[in-house]
Amino acid sequence: AVFHNGFEKSRRFNVLKDRNTFILNISNAEPSDSATYYCSVAYYTDIALADWTVLVLKETPSSHFAILQHPVSDPVELGGDTTLQCSVLTDTSAGEHSVYWFRHGSGESHPGIIYTHGNRSDQCKSSSETDSSTQSCVYKLPKRNLSLSDAGTYYCAVLMCGEIILGNGTKLDFVAAVFHNGFEKSRRFNVLKDRNTFILNISNAEPSDSATYYCSVAYYTDIALADWTVLVLKGSPTRLSAVLQHPVSDPVELGGDTTLQCSVLTDTSAGEHSVYWFRHGSGESHPGIIYTHGNRSDQCKSSSETDSSTQSCVYKLPKRNLSLSDAGTYYCAVLMCGEIIFGNGTKLDFVERSVLEPTLVVLVVSNIISLAVVLLQCRKHNSHHK
């Protein structure tokens, strides 16, 4: 074990390791060793508090007391709730004490008092040891419907016998959302995290916010589309709401089949529309039209919401017996009211098979067997002539 801050000069402190447990051993303990000892776990640049032990020795120079602030156990989310906790260990003969909570927010010059527990003894319990004169007092600060203004470091301060001591502090941070492409300048967009769900909140929505919003999941360098939501607001500048192309769900193989899909969300009063499919192959200067659905309304269904005037139309493009010439990006384009809008495109790539085709394996094996039979016949024939 490596000791720091003067402890390397003392031989009374030693660390023992027992499997996954580390034990701090103090020999010839002195009253000045009375303190709160923290055990922290470091993983690369992250350091987390694992456990702690409060040590109070008899004949401590003063009415010793220790303050311990517990870290927030669960992730803190905007709009959610949490409870901050402070433990105070004192002598039972130390008399009354008062507990104050301070918050130091980002950019503030000093912490500001936000709450006091006053002189309370009903939150204290004496130690279970028969010869112990210590008691543990637990104070909680509930926080409800959290907002960004609640972020900061919260300090628990204890006033006793004319002495005030601050705890180590509990940091309250939120899952931060980073916006790009001009959205960082708008305060109308906000992301809330609820367990494993991320919620995009748009305040004071405007007609220009009408769009398809995608939720994607990133894992290292891989990014996958998880879900999407189409937002249509009344008074939008165009009646065409959204054109969404779904990615191919299964791996595409040469000689196999697949179906490309395009969803169009429109107003029911928008009239007829036409859907075209374009393919942009590798090395081609521009996409070329390959198919049109014409004016079709039998593939549309109205929204299930009673007060909704929108309908969803789904168009499919089946592809059979695929070859390398089918590779490329397929675009779904919608023509309505003299306006044409392209979808986001669906890329069609092929998976290189790492194993031999069953048919090829059968042919190779049958040829080997045939060759072996011919050689055997030739050897028999030669031996017969001898």
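**Disulfides in the chain**

Tutor: The link of Cys262 and Cys332 is left-handed, with -65° about the S-S bond. The S to S distance in this disulfide (a pair of cysteine sulfur atoms within 2.5 Å) is 2.1 Å. Distant parts of the chain are linked here: Cys262 lies in strand E19 (residues 258-267) and Cys332 in strand E24 (residues 328-336), 70 residues apart. Strands (E, at least two residues) and helices (H or I, at least four) are DSSP runs, numbered from the N terminus. Cys262 and Cys332 are buried, where buried means under 20% relative accessible area, exposed over 50% and partly exposed in between (1.4 Å probe, protein chains only).

Please keep in mind that this is a predicted model, in which local features need pLDDT of at least 70, side-chain atom pairs count only at pLDDT 80 or more, and totals for chains, interfaces and linings use all residues. Residues are numbered from 1 along each chain as its sequence is written, and side-chain values use heavy atoms, with hydrogens and water left out.

The structure holds 2 disulfides; Cys86 and Cys156 also form one, with sulfur atoms 2.1 Å apart. Their link is left-handed too, at -70° about the S-S bond. Cys86, in strand E6 (residues 82-91), is 70 residues from Cys156, in strand E11 (residues 152-160), so this pair links distant parts of the chain. Both Cys86 and Cys156 are buried. Cys215, by contrast, is partly exposed, at 37% relative accessible area.
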